[in-house]
Amino acid sequence: MRIGELAKATGTKAETIRYYEREGVLPVADRTDSNYRDYSDSHLATLTFVRRARGLGFNMVQVKELLMLSDHDDKPCEDVDQIVRDHLEDVERKILDLQSLHGELGQLLHSCRSDSVGECRILESLARPMR
């Protein structure tokens, strides 16, 4: 299949597919006689895997590691588990950061009860130097 067909089948932009090829995440496609990329069902399966992993927030290094591990059926699953565990810890840290940000923004919004921008406590707060 050509790149447009692969893009449509996976919901991926053609430029993203080319990027994944450059990064070594997706094997480089063979070329037809007319120099079009020719993708196989294996490319489709790999790209589907990559899209799902990226959708779950795994970074490119983690995706490459997961792909490498997926090629070794005889390896224990503990390496995969560790990658997921590390990513889950990152997600939990981000959640805490977002909750803190949510609280700060709520306080800012609550602090402003003026009718004019000239008396806006939010803008006043944003203009203060950070501690």
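Which residues are buried in helix H4 (residues 60-70)?

1. In this predicted model, the buried residues of helix H4 (residues 60-70) are Met60, Gln62, Val63, Leu66, Leu67 and Leu69. The elements against which these buried residues pack are H2, H3 and helix H5 (78-111). At the start of H4, the backbone nitrogen of Val61 is approached by a side-chain oxygen of Asn59, which reaches to within 3.1 Å of that nitrogen.

2. Helix H1 (residues 3-10) has Ile3, Leu6, Ala7 and Thr10 as its buried residues. Seen down the axis of H1, these residues fall within an arc of 100°, and they therefore line one face of the helix. An α-helix has 3.6 residues a turn, so residues three or four places apart point the same way. On the other side of H1, Lys8 and Ala9 are exposed. The cover over the buried residues of H1 includes helix H2 (14-22), strand E2 (37-38) and helix H3 (41-55), and just after H1 the chain passes through Gly11, which takes a positive phi of about 70°.

3. Thr10, which belongs to helix H1, deserves a separate remark. Its relative accessibility is 14%, and Thr10 therefore counts as buried, the cut-off being under 20%. The side chain of Thr10 makes a polar contact, at 2.9 Å, with the side chain of Thr12. When neighbours within four places in sequence are left aside, Thr10 is in contact with Leu44, Leu47, Thr48 and Arg51.

4. Glu21 is placed in helix H2 and has a relative accessible area of 8%, so that this residue is buried. The side chain of Glu21 makes a polar contact with the side chain of Arg37, at 3.1 Å.

5. On the aromatic side chains, the structure holds 1 aromatic pair. This pair is formed by Tyr19 and Tyr20, with 5.8 Å from centre to centre and 45° between the planes, and it is tilted. The pair counts as tilted, rather than stacked or edge-to-face, because the angle of 45° is neither under 30 degrees nor over 60. As for the exposure of the two partners, Tyr19 is partly exposed, with a relative accessible area of 33%, whereas Tyr20, at 6% relative accessibility, counts as buried. A further ring to inspect is that of Tyr36, over the face of which Arg2 lies, at 3.9 Å from the ring centre.

6. Asn35 is worth checking in the backbone, where this residue has a positive phi of about 70° although it is not a glycine. Asn35 lies in the loop between strand E1 (30-31) and E2.

7. On the cysteines, the count of disulfides comes to 0, the rule being that a pair of cysteine sulfur atoms must lie within 2.5 Å. Cys77 counts as partly exposed, at 48% relative accessibility, while Cys120, at 14% relative accessibility, counts as buried.

Key. Residues numbered from 1 in each chain as written. Predicted model: local features only at pLDDT ≥ 70, side-chain atom pairs only at ≥ 80, totals over all residues. Heavy atoms only, no water. Phe/Tyr/Trp six-rings, centres within 6.5 Å; stacked < 30°, edge-to-face > 60°. Buried < 20%, exposed > 50% of the residue type's maximum accessible area, 1.4 Å probe, protein only. Lys NZ or Arg CZ within 6 Å of the ring centre and 35° of its normal. Helix = DSSP H or I, 4+ residues; strand = E, 2+ residues; numbered from the N terminus. Polar contact = N/O pair within 3.5 Å; in protein donor to acceptor, adjacent residues only side chain to side chain. Contact = heavy atoms within 4.5 Å. Arc of directions from axis to C-beta.
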